[in-house]
Amino acid sequence: MRIFNFVEGAWPRSGGVGIGCVPKIGLSLAGSGVRVVLVSGGPTTPGYEALVEPSAAAALQKSNSRGALGIVSLPSHGKFAFAPSIFWRIGPYVSKADIIALHSVYSFPVLAGYCLARLWRKPYVLWPRGVFAPFMRGVGRRKKWI
């Protein structure tokens, strides 16, 4: 099985509380025999730099006796983690995925993952991790309105 995960990068200045668990989820899945590609718009979570691969192809080719996790960290800009290279660097490989996991809601990598899942007709899962909680509605109101 192949799972592609889309998430915004771990920007130390803006927190990124939810991003800390995404590589752990990927490692857990890899331990059960799944090939996991984590696509990050921006820097990866500190401590997981050794898992970064130069491309989605390299991440998919990683293997061990059970499964594998490969992180593809793409350059991004701004709080929305705008990373248009996701479409041409990751897009063609999404066709090989069995499922797409979208982590969070309000970021460009997640929007790109959603668009690619629809384009390739792949099932997707949304993991919002508290972003719809009532107290979070006041944070980033303009972005959420859009």
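Me: What makes Phe80, Phe82, Leu111, Tyr114 and Tyr124 a nonpolar patch on the surface?

Reply: A patch is made of residues with over 30% relative accessible area and no salt bridge, in which nonpolar side chains (Val, Leu, Ile, Met, Phe, Trp, Tyr) are joined within 5 Å and like charges within 9 Å. A salt bridge would be a side-chain nitrogen of Lys or Arg within 4 Å of a carboxyl oxygen of Asp or Glu. Phe80, Phe82, Leu111, Tyr114 and Tyr124 form such a patch, with about 440 Å² of accessible area together. Areas come from the Shrake-Rupley method with a 1.4 Å probe, and for residues only the protein chains shown count as cover.

Me: On what model do these values rest, and how are residues numbered?

Reply: This is a predicted model in which local features need pLDDT of at least 70 and side-chain atom pairs count only at pLDDT 80 or more, while totals for chains, interfaces and linings use all residues. Residues are numbered from 1 along each chain as its sequence is written, and side-chain values use heavy atoms, with hydrogens and water left out.

Me: Why is Tyr124 called partly exposed?

Reply: Buried means under 20% relative accessible area, exposed means over 50%, and partly exposed lies in between (1.4 Å probe, protein chains only). Tyr124 has 37% relative accessibility and therefore counts as partly exposed. Tyr124 is found in strand β5, residues 124–127; strands (E, at least two residues) and helices (H or I, at least four) are DSSP runs numbered from the N terminus.

Me: What makes β3 and β5 edge strands?

Reply: The open sheet of five strands has the order β3-β2-β1-β4-β5, with parallel pairing. β3 (68–74) and β5 each have a single partner strand, so one side of each has no neighbour in the sheet. On average, neighbouring strands of this sheet are turned by 20° against each other, direction ignored.

Me: Why is β3 described as largely enclosed by the rest of the structure?

Reply: Six of the seven residues of β3 are buried, so this strand is largely enclosed.

Me: How do you know that β1 and β4 pair, and that β2 and β3 pair?

Reply: Two strands pair if DSSP finds at least two bridges between them. Strands β1 (residues 2–8) and β4 (residues 99–103) have four bridges in the parallel sense, and Phe6 stands opposite Leu102 in β4. Strands β2 and β3 have seven, also in the parallel sense; there, Arg35 has Ala68 in β3 as its bridge partner.

Me: What makes Asn5 a buried residue, and which residues does Asn5 touch?

Reply: Asn5, placed in strand β1, has a relative accessible area of 4% and is therefore buried. Contact means heavy atoms within 4.5 Å. Leaving aside neighbours within four places in sequence, Asn5 is in contact with Val36, Val37, Leu38, Val39, Ala101 and His103. Asn5 and Val125 are 120 residues apart along the chain, and their C-alpha atoms are separated by 9.4 Å.

Me: How does helix α5 lie relative to the strands?

Reply: Helix α5 (residues 108–119) lies across β1, β2 (35–41), β4 and β5, at about 145° to β1. Axes are lines fitted to C-alpha atoms, for helices over the stretch in contact, and angles run from 0 to 180 degrees between N-to-C directions.

Me: Why is Phe108 called buried?

Reply: The relative accessible area of Phe108 is 8%, so this residue is buried. Phe108 is found in helix α5 and touches Phe80, Ala81, Phe82, Ala83, Pro84 and Phe87, not counting residues up to four places away in sequence.

Me: Why is Glu53 called buried?

Reply: Glu53 has a relative accessible area of 18%, and therefore counts as buried. Glu53 is found in the loop between β2 and α2 (56–61). Its contacts beyond four places in sequence are Ala58, Ala59, Lys62, Gly70, Ile71 and Val72.

Me: Are Ala81 and Arg121 buried or exposed?

Reply: Ala81 is at 0% relative accessibility and so counts as buried, whereas Arg121, with a relative accessible area of 77%, is exposed. Ala81 lies in the loop between β3 and α3 (85–89); Arg121 lies in the loop between α5 and β5. Ala81 has a positive phi of about 55° although it is not a glycine, and phi of Arg121 is near 55°.
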